[in-house]
Each structure stands twice: as structure tokens, then as C-alpha cells.
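Me: Please take a close look at one part of this model and at what surrounds it. I would like the cut-offs stated as you go.

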Amino acid sequence: MASTADMLNNIESQFNADAASGLDVVFQFNIDDNDTYHLIVKDSQCQLVSGEHQDPSVTLIMDEDTLKEIVSGELNGMQAFMAGRLRTEGDMMLATRLSDLFSL
């Protein structure tokens, strides 16, 4: 099974810079209450960083199985949210942009 870092690196590698034009946001991922990473999207660039960000734009909270299913394409973020497997804190509408910014 791929690690959380590997799965998030896979997300980062699918970044669509054109869709990020003009954005300056931080997506934080809290996985299983013990793994935290954040993706900084700024100036059509993306950077994955381990650990918490002091002021993320949106935080996505899920377990590792849910992340794995989203990254593999078995589940989309909206389905996970509606099923209660994904929670958000912060700008929930920004979370809906993930599928535009990353080929998931």
C-alpha cells in the first residue's frame, strides 16, 4: 500500500497549472489524525509540504482508505463528502475546485 506522502505526491504530479491561474490558496490534508500535509497553489505552481500550515484556505479531513480511493479514481471527493467520509474546514467551495486543479 502506498504511503500518504506517495499518494499526495501523485496528486501533486497531476497538477493543472492553467486551472490555477490567479490562485493563491493552501489545501491542507489531515489524514487519520496523524498525517498532515498541505499543497500550496500560487502563481500557477504547486508545492507539497509535510506538516500543518498556519492558515490553510481549506482543510480536508479523511482516513487513508478514502484518500487512496480518491487518488485511484474509485471515489470522487463529492461522493466521499456526501457519504461522510470526507469533512472540510474553511472554504468548502474551494474544495470543489480540486478536481479542476488536479486530474483526479
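Reply: Strand 4 is mostly covered, with 5 of its 5 residues buried; buried means under 20% relative accessible area, exposed over 50%, and partly exposed in between, with a 1.4 Å probe and protein chains only. Helices (H or I, at least four residues) and strands (E, at least two) are DSSP runs, numbered from the N terminus. This is a predicted model, in which local features need pLDDT of at least 70 and side-chain atom pairs count only at pLDDT 80 or more, while totals for chains, interfaces and linings use all residues. Residues are numbered from 1 along each chain as its sequence is written, and side-chain values use heavy atoms, with hydrogens and water left out.

Both faces of strand 4 are covered: Val58, Leu60 and Met62 lie on one side, Thr59 and Ile61 on the other, and all are buried. Strand 4 is joined to strand 1 by 5 bridges, and the two run parallel. Another 5 bridges join strand 4 to strand 5, this time antiparallel. Two strands count as paired if DSSP finds at least two bridges between them. Ile61 can be followed across both pairings: Asn30 has Ile61 as its bridge partner in strand 4, and the bridge partner of Ile61 in strand 5 is Arg87.

The sheet as a whole is open, with 5 strands in the order 3-2-1-4-5 and mixed pairing. Strand 3 (45-50) and strand 5 (86-90) are at the edges with a single partner strand each, so one side of each has no neighbour in the sheet. On average, neighbouring strands are turned by 20° against each other, direction ignored; axes are lines fitted to C-alpha atoms, for helices over the stretch in contact, and angles run from 0 to 180 degrees between N-to-C directions. Strand 1 (residues 24-31) is also joined to strand 2 (residues 35-42), by 8 bridges in an antiparallel arrangement. In that pair, Ile31 faces Asp35 of strand 2.

Helix 2 (residues 64-72) lies across strand 1 and strand 4 (58-62), at about 110° to strand 4. At its start, a side-chain oxygen of Asp63 comes to within 3.3 Å of the backbone nitrogen of Asp65. The buried residues of helix 2 are Glu64, Thr66, Leu67, Ile70 and Val71. Viewed down the axis of helix 2, these buried residues fall within an arc of 160°, so they line one face; the arc is that of the directions from the helix axis to the C-beta atoms. An α-helix has 3.6 residues a turn, so residues three or four places apart point the same way. The buried residues of helix 2 pack against strand 4, strand 1, helix 1 (4-13) and helix 3 (77-82), where contact means heavy atoms within 4.5 Å. Just after helix 2, Gly73 has a positive phi of about 90°.

Thr4 lies in helix 1 and, at 3% relative accessibility, counts as buried. Leaving out residues up to four places away in sequence, Thr4 touches Ile31, Asp35, Tyr37, Glu64 and Leu67. The side chains of Thr4 and Asp35 make a polar contact of 3.0 Å. A polar contact is a pair of N or O atoms within 3.5 Å; within protein, one must be able to donate a hydrogen and the other to accept it, and residues adjacent in sequence count only if both atoms are side-chain atoms.

His53 lies in the loop between strand 3 and strand 4. At 23% relative accessibility, His53 counts as partly exposed. A polar atom of the His53 side chain lies 2.9 Å from the backbone nitrogen of Asp55. Beyond its neighbours within four places in sequence, His53 is in contact with Val26, Gln28 and His38.

For the chain, the secondary structure comes to 5 helices and 5 strands, in the sequence pattern α-β-β-β-β-α-α-β-α-α. Of the 104 residues, 38% count as buried. The C-alpha trace spans about 30 × 25 × 25 Å along its principal axes. Among contacts between residues at least 6 apart in sequence, 63% join residues at least 24 apart.
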